[in-house]
Amino acid sequence: MIGRGVMWLIFLAVIISATNAVIRKVFSVSSNAWLEAQWYLFGAAFLGAAAYTLQQNEHVRIDIIYGMWSRRTQHWIDLFGHLVFLMPFVTLMIWYFVPWVTRSVYSGEVSTNSGGLIIWPAKALLLAGFSLLWLQGISEIIKKIAVMRGLIADPHPFISAHEAAEAEGAALKEELTK
Amino acid sequence: MIEFIALNLAPIIFVSLVVFLLLGYPVAFSLAANGLMFFVIGVWLAPYSDAINLSWPLLNTMPNRLWGVLSNETLLAIPFFTFMGIILERSGMAEDLLDTIGQLFGPIRGGLAYAVIIVGALLAATTGVVAASVIAMGLISLPIMLRYGYDRRIASGVIAASGTLAQIIPPSLVLIVLADQLGRSVGDMYAGALIPGLVLTGIYMGYVLVMSIIRPNSMPALPLEARTLGSGVTSLFVALAACAAISYGAHVWLYPSQGANADILGLTVGVAVIYLAAVLDKRLKTGLMSRLAQEVIIVLIPPLALIFLVLGTIFLGIATPTEGGAMGAVGAMALAALKGRLNLGVVTQALHSTTKLSAFVMFILLGARVFSLTFYGVNGHLWVEHLLTSLPGGEIGFLIVVSLLVFLLAFFLDFFELAFIIVPLLVAPAEALGIDLVWLGIILAVNMQTSFMHPPFGFSLFFLRSVAPRQSYVDKVTGLTTAPVTTGQIYWGAVPFVVIQMVMVGVVIAFPQLVMHYKGAPVDTSNVTITLPQMPGGGLGGGIGGGLGGGLGAPGGIGGLGGAPAPATPAPGAAAPGIGSPNLGTPNLGTPSLGTPNLGAPSLGTPTPGAPAIGQPNLGAPAPAN
């Protein structure tokens, strides 16, 4: 839900950036606040979407060997990765983010650019993004175990990057020829 | 045993990274996990080796390292250009261009192939998306080429290769990512890539020309009945001449009031007038222009305007690349709206793809930041630097080895992974050898472009495969049964172009001038003296010249300041940036004192050195490079 919602933030960033560029040239005024707002929005978008991308199984992998294994082995690799790669990293980051963000909130840190925005909301975005990712990671582990025990259907059957490219092409063909 | 591991930790980390990545778990998290695992091992082994500078408190820098990725304005251009590309892909612009340019060039032998290459280059200059060009060409041009008896290999090769031009002609995503990782400005990278991109387009056309002479039957001209827009090239030339005349007139008229801007404004007026004339002519059916001229003008001008809106503003310094991307995105939406192709569905879909791409790209970068903390902590960059600078052949040897390496790795890794993992490691050795980083970036970009078309892994070939006929079909126009295009034909068709790419890499290596013009005319520094107050030691010309960009205040840069003797040689080892550290101004890195480039090293052209920045005593601040 959040993953689909945040994409409009990119749209907003596009509009702000284009408007800002035009205004800067035409009226020779510029505002650091608007410049910073752009990457706040982008940050919110990609951090918010990271969990969604994980859920959609769209983080890129190098599938040259992965693709040769049986689906069962792939499940084991995923489960191993979730437990040993993803969760420790995300947990550790949250561990370090909490005091870091708290400090920023209490000191009321403001961007060093003149007219810049307050910084802690952007720092809190990192914390929020990683927290979402953590929750999604737990969810993925549970789902993966359920899939491996045959309790639920496999939500993302393996498609190699090249098959995905062909599918994308076919979809676009459909779209353009209609 | 433990000491052996401690002393060789950098190679061990690297090998284990390869194993982690090949396992097939998402790259972003594998990178981070590899970094963290070896951080723990590194802290444990630190007493056994002097090369390991890892300790627990170092992990406290992690939030700021990731913050640096977030607060990076350059990378904002990635979602903007991606969004723009996907909107354009759906706008039908490519189809119109192919139809019209195909008609324009159709009457000459090999004309459709030229049209595909030209449209490929035009599309490349509006978007950085390979899929869009290849699919449009495969849908529009391939059936026509097959209908009139083009050789299948040549037809598919031309299409697959022209689509990849999007990777090298600005504004391409590869160039943005490379600029960020090499610590150069995106604008410089774009300026540097422009000529090689055009030369490459020229070589493709040269190949078609040669083939049309050697094997004329492989690419016949369109027969008369297929020239639906009729002839009327003369009319087009007249229209172009009129356009030029109006532009010049407007220029003369505007010059007194607008000064230097009159060039651009004059041209804009001329183009706008001719566009309006063509549209009116078509609506009112006055028949002033030939139908061909009308169509060409109407179809060609919007994309050209879009190219100007994006690239023109960037090259003229009116907009930053990020702003150019945003304006391009708005322009693309306007263009799609004009064609009646803009609706909520298209925008949502484009945003959806853009967001997912941003998420995985940025997370690879975050993972790379974690990895680099450990890898640099064990002096892995020095190991790589030693490895690459000790290659035989010096500069050329380095470039050839790097090209081969990237060429081979590109079979397995896509360009984001290459750019975030491999490229940062090349910066220090390249600087030690005195290689210009923009030049290196363009060489890498041509190599990565090749990876899109080499069989059997090139993505361009898969996009073409998805739209090329798999079964024999009955052609709608001629009523003849047409044989399918086999996968083998697609692969073999790409081979000559892969060879052309390799030649192109050689050309860029042999003629650095193709890229170096981005600096402007060289400045004679032999009689320029830079006097700097408060500077300990003399002979700083070279040190600063070499240490520009890159890592803010890396310790190496300071060494260069002290005693680099010849102003021409960049300081060895200056400014070794961390993986992904360029441009990522984390607050605690101190003021970017060394960052001002172009301080009087002869090859660096800008005649206005930012001298005050050097004068500051904080040059000596040992800001952490990572």
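Trainee: Which residues does B:Q294 touch, not counting residues up to four places away in sequence?

Mentor: B:Q294 touches B:A278, B:D281, B:K282 and B:M289, where contact means heavy atoms within 4.5 Å. This is a predicted model, in which local features need pLDDT of at least 70 and side-chain atom pairs count only at pLDDT 80 or more, while totals for chains, interfaces and linings use all residues. Residues are numbered from 1 along each chain as its sequence is written, chains are lettered from A and ligands numbered from 1 in the order in which they are written, and side-chain values use heavy atoms, with hydrogens and water left out.

Trainee: Why does B:Q294 count as buried?

Mentor: The term buried means under 20% relative accessible area, exposed means over 50%, and partly exposed lies in between, with a 1.4 Å probe and protein chains only. B:Q294 has 7% relative accessibility, so it counts as buried, and its place is in helix α14 (residues 291–315) of chain B.

Trainee: What makes A:L35 partly exposed?

Mentor: The relative accessibility of A:L35 is 23%, and therefore A:L35 counts as partly exposed.

Trainee: How many helices and strands do chain A and chain B have?

Mentor: Chain A has six helices and zero strands, whereas chain B has 26 helices and two strands; helices (H or I, at least four residues) and strands (E, at least two) are DSSP runs, numbered from the N terminus. Buried residues make up 45% of the 178 residues in chain A, and in chain B 58% of the 626 residues count as buried.

Trainee: Why are α10(B) and α20(B) called oblique to each other?

Mentor: Angles under 35 degrees count as roughly parallel, over 145 as roughly antiparallel, 65 to 115 as roughly perpendicular, and the rest as oblique. The axes of helix α10 (residues 173–182) of chain B and helix α20 (residues 437–451) of chain B come within 10 Å and cross at roughly 140°, and α10(B) and α20(B) are therefore oblique to each other. Those axes are lines fitted to C-alpha atoms, for helices over the stretch in contact, and the angles run from 0 to 180 degrees between N-to-C directions.

Trainee: Which residues of α10(B) and α20(B) meet?

Mentor: In α10(B), B:V174, B:L175, B:L178 and B:L182 meet residues of α20(B) that include B:L437, B:L440 and B:G441. By class, this contact of α10(B) with α20(B) has 10 nonpolar, one polar and no charged residues, where Ala, Val, Leu, Ile, Met, Phe, Trp, Tyr, Cys and Pro count as nonpolar, Asp, Glu, Lys and Arg as charged, and the others, Gly among them, as polar.

Trainee: What makes the pair of B:F360 and B:F416 edge-to-face?

Mentor: A search of the whole structure finds 22 aromatic pairs over all chains; rings of Phe, Tyr and Trp (its six-membered ring) pair if their centres lie within 6.5 Å, and planes under 30 degrees apart count as stacked, over 60 as edge-to-face and the rest as tilted. The ring centres of B:F360 and B:F416 are 6.2 Å apart and their planes stand at 85°, so this pair is edge-to-face. B:F360 lies in helix α16 (residues 344–377) of chain B and B:F416 in helix α19 (residues 415–432) of chain B, so the pair ties together parts that are 56 residues apart in sequence. Both B:F360 and B:F416 are buried.
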